[in-house]
Amino acid sequence: MPVLYSFRRCPYAMRARLALLAAQQTVELREVVLRDKPAQLLACSPKATVPVLQLADGQVIDESLEIMLWALAAHDPAGLWATKRSEQIEWITRNDGFFKAALDRYKYPNRYAQDFSQLSLLQIEQQHKQQAEIFINELEQRLQASAYLFGPSISMADIAILPFVRQFAFVDKAGFDLAPYSNVQHWLQQFLQSELFAAVMFKYPQWQPGDEPIIFAP
Ligand SMILES: N[C@@H](CCC(=O)N[C@@H](CS)C(=O)NCC(=O)O)C(=O)O
């Protein structure tokens, strides 16, 4: 059975778990604590980020997007990856690049203080919140036409992007809820209330070698 090294709150790991469930793939889940990574993870992926999927034949997939593509290529009963693939990838690329960069600087301005030495932490935070909101507004426009980014049902782009929008929202949830992007609020709320989200956010203990395997399955 494939083994997934994961970290519950990591948005990249979250999107991998979402895709594995949507694709009805069963894996053994090993919950990692980032400051205490197991040797087994480092041995199969020296870059040591999560998620990492180790297949039964030993092949290692250590990029979340690749894990999603692997899962949905195996099985895609709900058609998440059925339409407009290059357009889906364009949205995910903008999320992973432009939006993620702004999100990190908004969420952790102190980590970027040296890059913006002429700005206060509050200024770094506010400038990058505005940057991030450019993407939020693009999502808002898009979601005017349909409940999900690529039509009436959830797509791979939705599950790839939602974990990052969730992070953005929870930096200042009260402010987010009052902001003028009702389509995005509704889209996120639907996701947070979904069974799929509940299943991927279940809390597992840190994996230790020799533990009874935790089977992560639909
Ligand atoms: N491009 C990678 C990024 C994964 C990533 O950066 N994960 C973070 C956690 S959210 C991580 O493992 N960081 C390593 C660390 O904090 O030690 C992917 O899409 O899988």
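How many salt bridges does the rule find across the interface of domain 1 and domain 2? The rule finds one, and the views below start from the whole and then move to that pair. This is a predicted model, in which local features need pLDDT of at least 70 and side-chain atom pairs count only at pLDDT 80 or more, while totals for chains, interfaces and linings use all residues. Residues are numbered from 1 along each chain as its sequence is written, and side-chain values use heavy atoms, with hydrogens and water left out.

**View 1. Domain 1 and domain 2 of the protein chain.** Domain 1 takes in 3–78 + 198–216, and domain 2 covers 85–194; these bounds come from an automatic or database domain assignment. Taken over C-alpha atoms, the domain centres are 24 Å apart.

**View 2. The interface between domain 1 and domain 2.** Here 13 residues of domain 1 are in contact with 13 residues of domain 2 (contact means heavy atoms within 4.5 Å). The two domains bury about 1200 Å² between them, and 71% of it is on carbon and sulfur atoms. Buried area is the accessible area (1.4 Å probe) that two parts lose on being put together, summed over both. On the side of domain 1, Pro-11, Arg-15 and Leu-18 lose the most area to domain 2, together 38% of what that side buries.

**View 3. The salt bridge of Arg-15 and Asp-96.** The side chains of Arg-15 and Asp-96 meet at 2.6 Å, N to O. A salt bridge needs a side-chain nitrogen of Lys or Arg within 4 Å of a carboxyl oxygen of Asp or Glu. Helix 1 (11–22) and helix 3 (64–74) are the elements that give two or more residues to the side of domain 1 that touches domain 2; helix 1 gives the most, with six residues. Helices (H or I, at least four residues) and strands (E, at least two) are DSSP runs, numbered from the N terminus.

View 4. An N or O atom in the side chain of Lys-37 is 2.5 Å from a ligand oxygen atom, and a polar side-chain atom of Ser-64 lies 2.6 Å from an oxygen atom of the ligand. For Glu-63, a side-chain N or O atom is 2.8 Å from a nitrogen atom of the ligand.

**View 5. The cis peptide bond from Val-50 to Pro-51.** Omega is near 5° for this bond. Pro-51 lies in the loop between helix 2 (39–44) and strand 3 (52–54).

Definitions and conventions: Polar contact = N/O pair within 3.5 Å; in protein donor to acceptor, adjacent residues only side chain to side chain.
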